[in-house]
Amino acid sequence: MAKTANINIRIDPEVKSTVDGIFSHFGITVADAVNIFLHKVMIVNGMPFDMTLPKYNEETLAAMREARDIASGKIKTKSYSSVGEMITELDSDDLED
């Protein structure tokens, strides 16, 4: 009987590269990390972390909707040719109030 079994998984190459670097700081491989995860699943008899959807307040949800609308072009925004131009306009708005 084999002492190990193979699992083949597909992941984004950038994710693999990133986690390779992170795990190397701990002296482990991705395969080691998967084994650690699976053992933790057995220990807790389930997922070793909470699986929840993020809950945002209404102000955050509104800001996210607005950002999506700006990104999709539904809301037109002013653009500036430089940061200096933007700061000058922002400073002039402060004086008008």
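The paragraphs below lead through this structure from the overall chain to its helices and then to its surface.

This is a predicted model, in which local features need pLDDT of at least 70 and side-chain atom pairs count only at pLDDT 80 or more, while totals for chains, interfaces and linings use all residues. Residues are numbered from 1 along each chain as its sequence is written, and side-chain values use heavy atoms, with hydrogens and water left out.

The protein chain has 4 helices and 0 strands, where helices (H or I, at least four residues) and strands (E, at least two) are DSSP runs numbered from the N terminus. Its radius of gyration is 24 Å, whereas a compact globule of 97 residues would have one near 13 Å; this radius is taken over C-alpha atoms, and the globule rule is 2.2 Å times the number of residues to the power 0.38. Along the principal axes, the C-alpha atoms fill a box of roughly 80 × 30 × 25 Å. Of the 97 residues, 2% count as buried, a word that stands for under 20% relative accessible area, with exposed meaning over 50% and partly exposed in between (1.4 Å probe, protein chains only).

Helix H1 covers residues 13–26. At its start, a side-chain oxygen of Asp12 reaches to within 2.7 Å of the backbone nitrogen of Glu14, and just after H1, Gly27 takes a positive phi of about 75°. The 14 residues of H1 should span 20 Å, which agrees with the 20 Å between its end C-alpha atoms, since the expected span is 1.5 Å times one less than the number of residues.

Helix H2 covers residues 30–44. Here a side-chain oxygen of Thr29 comes to within 3.3 Å of the backbone nitrogen of Ala31 at the start of the helix, and Asn45, with a positive phi near 60°, follows its end.

On the surface, a nonpolar patch with about 930 Å² of accessible area together is formed by Ile7, Ile9, Ile11, Val15, Val34, Phe37, Leu38, Met47, Phe49 and Met51. Patches are made of residues with over 30% relative accessible area and no salt bridge, with like charges joined within 9 Å and nonpolar side chains (Val, Leu, Ile, Met, Phe, Trp, Tyr) within 5 Å; a salt bridge is a side-chain nitrogen of Lys or Arg within 4 Å of a carboxyl oxygen of Asp or Glu. Helix H2 gives the most to this patch, with 3 residues. Ile9, in the segment before H1, is exposed, with a relative accessible area of 57%.

How values were computed. Areas by Shrake-Rupley, 256 points an atom, 1.4 Å probe, with all protein chains shown as cover. Polar contact = N/O pair within 3.5 Å; in protein donor to acceptor, adjacent residues only side chain to side chain.
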